[in-house]
Amino acid sequence: CEQCSRALTVTEIVAGFKLAADDITTTCPRCSCHMKATFLVDHKAGVEHFFMGLNQTLARLPGKETMDVDDIRKGFPDVFFSALFHWGSLLNAFTRKHKDYRREKVDFEAKAEFCLGQMPDHDVSAIFGLKEAEVTAMRRKRHIKFWPFQGSIIPAKRKIRLVPATGSDSDRCGEKPGKE
């Protein structure tokens with residue numbers, strides 16, 4: 001937090017987003033300060049992009065369904081990386097908006113790369129459907145430090161899996177509240 005210097009967890013950042021699509025700020029649980037969350041996507045270069053909540057990301061998708069993945073990644077990195085975080089792929093994000101998007105070949109290993117070191121390896125493996133050993137090897141190969149905190153960022157009663165391309169009623173990253 002810029003005001004109280006608290007290091008927010010990913011869960012706290014996501015929980016702090018408002019429902020309003022035009023408000024891309026999150027709220028600090030300690031001091032209630034509103035700030036834009038950033039996500040470190042290039043560890044070597046120190047490149048950060050704004051990170052948005054579910055509604056903020058979905059609101060910025062219309063009009064981009066005809067764009068190639070690389071064009072969205074380069075032109076709208078905040079939308080791109082936020083969509084990958086919440087739904088695992090642009091295809092799944094556009095499906096949530098009931099938009100047809102057929103320009104993405106899903107390479108979950110490449111998609112998982114931006115999460116390396118940002119959360120525990122076992123959470124990355126659960127979200128992207130990779131083996132934990134593969135995630136750890138990817139992280140080490142890129143000389144990215146491990147997640148320094150203990151425990152999962154995934155709420156204990158949530159089962160996380162990627163949203164199937166045909167599933168439009170699934171919550172972010174395929175979460176189904178109350179299902180074990």
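## Basis

The model is predicted: local features need pLDDT of at least 70, side-chain atom pairs count only at pLDDT 80 or more, and totals for chains, interfaces and linings use all residues. Residues are numbered from 1 along each chain as its sequence is written, and side-chain values use heavy atoms, with hydrogens and water left out.

## Fold

The protein chain has eight helices and three strands. Helices (H or I, at least four residues) and strands (E, at least two) are DSSP runs, numbered from the N terminus. Along the sequence the order is α-β-β-β-α-α-α-α-α-α-α.

The protein chain has 180 residues, and 45% of them are buried. Buried means under 20% relative accessible area, exposed means over 50%, and partly exposed lies in between (1.4 Å probe, protein chains only).

## Nonpolar core

The largest nonpolar core holds 43 residues. Such a core is a set of buried Ala, Val, Leu, Ile, Met, Phe, Trp, Tyr and Cys residues joined through side-chain atoms within 4.5 Å. Phe 51, Leu 90, Phe 114 and Phe 128 have the most contacts inside it.

At least two residues of this core come from each of α1 (10–15), β2 (34–42), α3 (69–75), α4 (77–87), α5, α7 and α8. The top contributor is α4, with seven residues. In soluble globular proteins, nonpolar side chains tend to be buried together.

## Thr 95 in α5

Helix α5 spans residues 90–96 and includes Thr 95. Thr 95 counts as buried because its relative accessibility is 14%. Its side chain reaches the backbone oxygen of Leu 91 at 2.8 Å. An α-helix has 3.6 residues a turn, so residues three or four places apart point the same way.

## Helices α7 and α8

The axes of α7 and α8 come within 8 Å and cross at roughly 120 degrees. Axes are lines fitted to C-alpha atoms, for helices over the stretch in contact, and angles run from 0 to 180 degrees between N-to-C directions. The two helices are therefore oblique to each other. Angles under 35 degrees count as roughly parallel, over 145 as roughly antiparallel, 65 to 115 as roughly perpendicular and the rest as oblique. The crossing of α7 past α8 is right-handed, a term for a near helix turned clockwise from the far one by less than a right angle.

Helix α7 is mostly covered, with six of its eight residues buried. These are Asp 121, Asp 123, Val 124, Ser 125, Ile 127 and Phe 128. Gly 129 follows α7, and its phi is positive, near 70 degrees.

## Salt bridges

The structure holds four salt bridges. Each is a side-chain nitrogen of Lys or Arg within 4 Å of a carboxyl oxygen of Asp or Glu. One of them joins Arg 139 and Asp 121, with the closest N and O atoms 2.9 Å apart. This pair links distant parts of the chain: Arg 139 sits in α8 and Asp 121 in α7, 18 residues apart. Both Arg 139 and Asp 121 are buried.

Another salt bridge joins Arg 142 and Glu 113, with the closest N and O atoms 3.0 Å apart. Arg 142 lies in the segment after α8 (132–141), and Glu 113 in the loop between α6 (108–112) and α7 (121–128); the two are 29 residues apart. Arg 142 is partly exposed, because its relative accessible area is 23%. Glu 113 is partly exposed too, at 35%.

The side chains of Arg 6 and Glu 12 also meet in a salt bridge, at 2.2 Å from N to O. Arg 6 counts as partly exposed, because its relative accessibility is 25%.

Key:
A polar contact is a pair of N or O atoms within 3.5 Å; within protein, one must be able to donate a hydrogen and the other to accept it, and residues adjacent in sequence count only if both atoms are side-chain atoms.
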